[in-house]
Amino acid sequence: MRRYGKHTDEDDIRSRPNRKGNRPRTNIRPKHEDAAEGMVLTVDRGRLTCLVEDRTVMAMKARELGRKAAIVGDRVALVGDLSGAKDTLARIVRIEPRSSVLRRTADDDDPYERVVVANADQLAIVTALSDPEPRPRLIDRCLVAAYDGGLEPLLVLTKSDLAPPDELLEMYGALGVPYVVTSRAELEAGTAVERVRKQLDGKITAFVGHSGVGKTTLVNALVSLERRRSTGHVNAVTGRGRHTTTSARAIPLPGSEGWVIDTPGVRSFGLHHVDPSRVIHAFPDLEPGTEGCPRACSHDEPDCALDQWVADGHADPARLYSLRRLLATRERRDGD
């Protein structure tokens, strides 16, 4: 139904007053130059616990950040109530550039990328030597994710009282990955904790591992009593552990500048997000040999230049084998 005549002018049109006329919309965003610096410790349903100087502050993400999410380990800028008092809430107005990112997908066919941890220096891959049995393919996948995300890997082998570590160490010897071997008795005595701590001092270390390998038990031994988490057990029938850590959390190491980030146990580690061409950067002895490779070389084909590079004595053949094994994890399932 036509409300106005065919010939109208501006005086014939009724206009509603703009209640927000004194606040015109703009694309200019405040710089928040006076914002305080903080570090995200936990994320829980839209609420983020941040460390600001020497106190913890509860915060939420500012609307102006849009869909950009802050994750554990992020360095952020906060405004608002930064007292850390009960029932107060600050706002995260800026997420600083990340130096490293640990990412994974649910499986290799899942395009949805999950960012697990930001700004970690190294990735501690915790693996039990028995109960549950070690899964080399999962270790390989974690190594690829570490190399791709800019983290240095650290292999932590637990439960050496149940099985020897020799076979697993031989498998990863060519990669030159640092490692620590622990047993239950050493954890109880504290000797293993000191060996692990030496690898963590002054660094931010993300811990990842299959459920039931003793990851949270080890983290609990490293941190102060009030920051410890509950632990589970391994099912005697399935050989799988129960998830007791449900979200990532950054915890300071007592008497050290280091931090540990405990992450939930994983049963799969998808690499859909990984560009295989970036994995070669973790092999500086092999990377120069790729100059003679054909375009888009997979480094595992007949005319790959790396075979000749190794044959000429520029690198150990075991290193090339390790590279190709890691690249092949992109095509394999964890249970292979």
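Biologist: As what does Arg98 count at 32% relative accessibility?

Modeller: This is a predicted model, in which local features need pLDDT of at least 70 and side-chain atom pairs count only at pLDDT 80 or more, while totals for chains, interfaces and linings use all residues. Residues are numbered from 1 along each chain as its sequence is written, and side-chain values use heavy atoms, with hydrogens and water left out. Buried means under 20% relative accessible area, exposed over 50%, and partly exposed in between, with a 1.4 Å probe and protein chains only. Because its relative accessibility is 32%, Arg98 counts as partly exposed.

Biologist: With which side chain does that of Arg98 meet in a salt bridge?

Modeller: A salt bridge is a side-chain nitrogen of Lys or Arg within 4 Å of a carboxyl oxygen of Asp or Glu. For Arg98 the N to O distance is 2.8 Å, and the pair links the loop between strand 5 (90–95) and strand 6 (101–104) to the loop between strand 3 (55–61) and strand 4 (75–80), 24 residues apart.

Biologist: Which side chain meets that of Arg103 in a salt bridge?

Modeller: The N to O distance of this salt bridge is 2.9 Å. Arg103 lies in strand 6 and Asp148 in helix 1 (residues 136–149), so the pair joins parts that are 45 residues apart in sequence. Both Arg103 and Asp148 are buried. The partner of Arg103 is Asp148.

Biologist: Which residue forms a salt bridge with Asp131?

Modeller: The distance here is 3.6 Å, N to O, and the pair links Asp131, in the loop between strand 8 (122–128) and helix 1, to a residue of helix 3 (residues 184–189) that is 53 residues away. Asp131 counts as partly exposed because its relative accessibility is 34%.

Biologist: How many salt bridges does a search of the whole structure find?

Modeller: Side chains of opposite charge can pair when their charged atoms come close. Apart from such pairs, Glu53, Asp54 and Arg55 are linked in a network of salt bridges. Over the whole structure, the number of salt bridges found is 17.

Biologist: At what angle do helix 4 and helix 5 pack?

Modeller: Two packed helices are described by the angle between their axes and the distance between the axes. Axes are lines fitted to C-alpha atoms, for helices over the stretch in contact, and angles run from 0 to 180 degrees between N-to-C directions. Helix 4 (residues 191–200) and helix 5 (residues 215–222) have axes 10 Å apart and are roughly perpendicular, a class that covers 65 to 115 degrees. The angle is about 85°.

Biologist: Which residues of helix 5 make the contact with helix 4?

Modeller: Contact means heavy atoms within 4.5 Å. Helix 4 contributes Val193, Val196, Arg197 and Leu200. By class, the contact has six nonpolar, no polar and one charged residues; Ala, Val, Leu, Ile, Met, Phe, Trp, Tyr, Cys and Pro count as nonpolar, Asp, Glu, Lys and Arg as charged, and the others, Gly among them, as polar. From helix 5 come Leu218, Ala221 and Leu222.

Biologist: What relative accessible area does Val72 have?

Modeller: Val72 is placed in the loop between strand 3 and strand 4. Beyond its neighbours within four places in sequence, Val72 is in contact with residues including Val40, Val117, Ala248 and Ile261. Val72 is buried because its relative accessible area is 3%.

Biologist: How far apart are the C-alpha atoms of Met171 and Ser322?

Modeller: Met171 is found in helix 2 (residues 166–172) and is partly exposed because its relative accessible area is 28%. Not counting residues up to four places away in sequence, Met171 touches Pro136 and Arg325. Met171 and Ser322 are 151 residues apart along the chain, and their C-alpha atoms are separated by 8.6 Å.

Biologist: What share of the residues in the chain is buried?

Modeller: The chain holds seven helices and 13 strands, where helices (H or I, at least four residues) and strands (E, at least two) are DSSP runs, numbered from the N terminus. Residues 24 or more positions apart account for 64% of the contacts with a separation of 6 or more. Of the 336 residues in the chain, the buried share is 45%.

Terms used. Parallel < 35°, antiparallel > 145°, perpendicular 65-115°, else oblique.
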